[in-house]
Amino acid sequence: MSKLRIWGRVSSVNVQKVVWCADEMGLAYERIDCGGKFGVNDTPQYLAMNPNGLVPVIEDGDFVLYESNAIVRYLAAGHPTLFPAEPRRRADIDRWMEWQSTGFTPAQTIAFWNLVRTPEPKRDLAAVEASRAKSEKHAAVLDKHLAGRRYITGDVFTAADIVVGCAAHRWLHLPLEREPRPHLERWYAELKARPASRQVTSQVPLT
Ligand SMILES: N[C@@H](CCC(=O)N[C@@H](CS)C(=O)NCC(=O)O)C(=O)O
C-alpha cells in the first residue's frame with residue numbers, strides 16, 4: 001500500500017492541522033512542500049487534485065481529498081478518542097472545528113497577513129486593529145470555555161484541540177498586544193508539550 005502523501009507547506013495553518021493529526025495518529029506519510037513560495041499549486045497536475053489551487057491536499061492511495069477539516073475527520077475517523085463515532089461527542093468536536101474555520105481563523109487573517117506577510121510600509125494598521133479586536137472576542141470565548149475544562153470537549157484530547165490549537169498557536173504568536181487569557185494559555189502550554197504538536201508549535205516566529 002502506498003504511503004499517505006500530504007501536499008502543502010507547513011507554514012499554512014490548514015496544513016498544520018493535517019500534519020499534527022497525522023502525527024497524533026502515528027501515521028507514516030510523505031509531506032511535499034507546495035503553495036506560497038514553493039508554488040506547484042497552480043500546475044495542471046495539482047489543480048486536478050484540488051481545482052481551488054489551495055493547500056492542503058492528501059493522497060491516500062487512489063483517494064484524493066482537500067479541505068483541511070475534512071482531511072482531519074478522514075484521518076481521525078474511527079479513532080476512539082480523537083474523533084469518536086458517538087454522535088453527541090462527535091458533534092461537540094465538529095462544532096469547535098467549524099468555530100475555528102469560520103470564526104477564529106478568519107478573524108485573525110487580516111492581522112496575520114499585514115503583520116507577518118506584508119512589508120511594514122504597506123501595512124494597514126486600522127485593518128489590523130479591527131482584526132485584532134474581532135480575534136480577541138473569539139479568544140475570550142475560548143478562554144471562558146476552557147476555564148472548567150482540561151481540553152476543548154472535556155478531559156480527553158480530541159481533533160478539536162488539534163484544529164483550534166493550530167489557530168491558537170497563530171494567535172498567541174502574532175506580533176501584537178493581546179489580553180491575558182490564562183485558561184487558553186494553560187491549555188496551549190499542554191498542547192505544546194505533546195510531541196505530535198512539534199511541527200506546528202515550533203513554527204516561531206510565524207512566517
Ligand atoms: N478551506 C480550505 C482553505 C485552504 C487555504 O486557504 N489554504 C491556503 C493556505 S492556509 C492556500 O492554499 N493559500 C495559497 C498558497 O499557499 O499558495 C482548507 O481548510 O483546506
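Select Asp 33, which counts as partly exposed because its relative accessibility is 31% (the class lies between buried, under 20% relative accessible area, and exposed, over 50%, with a 1.4 Å probe and protein chains only). This is a predicted model in which local features need pLDDT of at least 70 and side-chain atom pairs count only at pLDDT 80 or more, while totals for chains, interfaces and linings use all residues. Residues are numbered from 1 along each chain as its sequence is written, and side-chain values use heavy atoms, with hydrogens and water left out.

The whole structure holds 11 salt bridges.

Now select the ligand. Around the ligand are Arg 9, Ser 12, Asn 14, Gly 35, Gly 36, Asn 41, Leu 54, Val 55, Pro 56, Glu 67 and Ser 68 (each with a heavy atom within 4 Å of it).

- Glu 67: a side-chain N or O atom is 2.7 Å from a ligand nitrogen atom.
- Val 55: a backbone N or O atom lies 2.8 Å from a ligand oxygen atom.
- Asn 14: a polar side-chain atom lies 3.4 Å from a ligand oxygen atom.

On its own the ligand has 500 Å² of accessible area, of which the protein covers 71% (Shrake-Rupley method, 1.4 Å probe).

Conventions
A polar contact is a pair of N or O atoms within 3.5 Å; within protein, one must be able to donate a hydrogen and the other to accept it, and residues adjacent in sequence count only if both atoms are side-chain atoms. A salt bridge is a side-chain nitrogen of Lys or Arg within 4 Å of a carboxyl oxygen of Asp or Glu.
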